[in-house]
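Subject: Structure handover

Hi,

Here is the structure we talked about. Please have it open while you read the notes below.

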Amino acid sequence: MNKVLRFTMLSLLAIVSAVSFAQTEIDFTKQSITATDNDNGFTLTASGFTFAADKAEGATAPRQNPNSKDLRIYAKNTFKVSGTSFTKLVFTMSKQGKRRWADVTASTGTVTLDTEAGTTTWTNTTGVAEVTFTVGDKAVHGTDGDTKGGQFDLDKVVITGEGGE
């Protein structure tokens, strides 16, 4: 009886943990953006998450490439992700993104880049409902070299957390 009770409780805990920290994958190349009124950015909503890019201090407004459909966020643009509560975002860089890959800073949490895997990962120890990224000025990690303007060009994101809003 004791073993059955322990097994039941352990199984229940595993199910609760899996539900609490679900993963959502969003392929941006299969989504459509909505341009902002002033044409200085865009929004995209998928799986209960909202992604909003803004020209901010940049020279070029962010957009979705009409051919490859990757999201292109340029130097000094901002990119806000919002949903219910999430602790990790793993962005897969597009082919173009690997050429002009810039550092990004986050309003909270930690950002790490893995140039071999082609990913930019954001993590936070506690769940947040929103994080804003600002794209660096130069392509310091890109294959085109750091004399080129920086970009944060994305094909997809895997979100770990409780889900969208």
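Glu 162 sits in strand 11, residues 151-163. Strands here are DSSP runs of E with at least two residues, helices are runs of H or I with at least four, and both are numbered from the N terminus. With a relative accessible area of 56%, Glu 162 is exposed. The classes are buried under 20% relative accessible area, exposed over 50%, and partly exposed in between, using a 1.4 Å probe and protein chains only. Glu 162 and Thr 84 are 78 residues apart in sequence, yet their C-alpha atoms are 6.6 Å apart in space.

A word on the source. This is a predicted model, in which local features need pLDDT of at least 70 and side-chain atom pairs count only at pLDDT 80 or more, while totals for chains, interfaces and linings use all residues. Residues are numbered from 1 along each chain as its sequence is written, and side-chain values use heavy atoms, with hydrogens and water left out.

Next, the aromatic rings. The structure holds nine aromatic pairs. Rings of Phe, Tyr and Trp (its six-membered ring) pair if their centres lie within 6.5 Å; planes under 30 degrees apart are stacked, over 60 edge-to-face, and the rest tilted. Phe 79 and Phe 152 pair edge-to-face, at 6.3 Å centre to centre and 75° between the planes. Phe 79 lies in strand 7 and Phe 152 in strand 11, so this pair ties together parts that are 73 residues apart in sequence. Both Phe 79 and Phe 152 are buried.

Phe 152 also pairs with Phe 133, and that pair is tilted: 6.2 Å between centres, 45° between planes. Phe 133 is in strand 10 (residues 119-135) and Phe 152 in strand 11, so the pair ties together parts 19 residues apart in sequence. Phe 133 and Phe 152 are both buried. One aromatic cluster takes in Phe 28, Phe 51, Phe 79, Phe 91, Phe 133 and Phe 152.

Phe 133 comes up again at Asn 77, being one of its contacts. Asn 77 is in the loop between strand 6 (71-74) and strand 7 (78-93). Is Asn 77 buried or exposed? Asn 77 counts as buried because its relative accessibility is 0%. Its side chain reaches the backbone oxygen of Thr 60 at 3.1 Å. Leaving aside neighbours within four places in sequence, the contacts of Asn 77 (heavy atoms within 4.5 Å) include Asp 54, Lys 55, Gly 58 and Val 135.

Last, the charges. There are seven salt bridges in the structure, each a side-chain nitrogen of Lys or Arg within 4 Å of a carboxyl oxygen of Asp or Glu.

- Arg 72 and Asp 70 meet at 3.0 Å, N to O. Arg 72 is buried at 13% relative accessible area, and Asp 70 is buried at 1%. Asp 70, Arg 72 and Asp 153 are linked in a network of salt bridges.
- Asp 144 and Arg 99 also form a salt bridge, at 3.0 Å, N to O. Asp 144 is in the loop between strand 10 and strand 11 and Arg 99 in helix 2 (residues 95-99), so the pair ties together parts 45 residues apart in sequence. Asp 144 is partly exposed at 26%, and Arg 99 is partly exposed at 34%.
- Lys 30 bridges to Asp 27, with the closest N and O atoms 3.8 Å apart. Lys 30 is exposed at 68%, whereas Asp 27 is partly exposed at 23%.

Best wishes

Note on methods: Polar contact = N/O pair within 3.5 Å; in protein donor to acceptor, adjacent residues only side chain to side chain.
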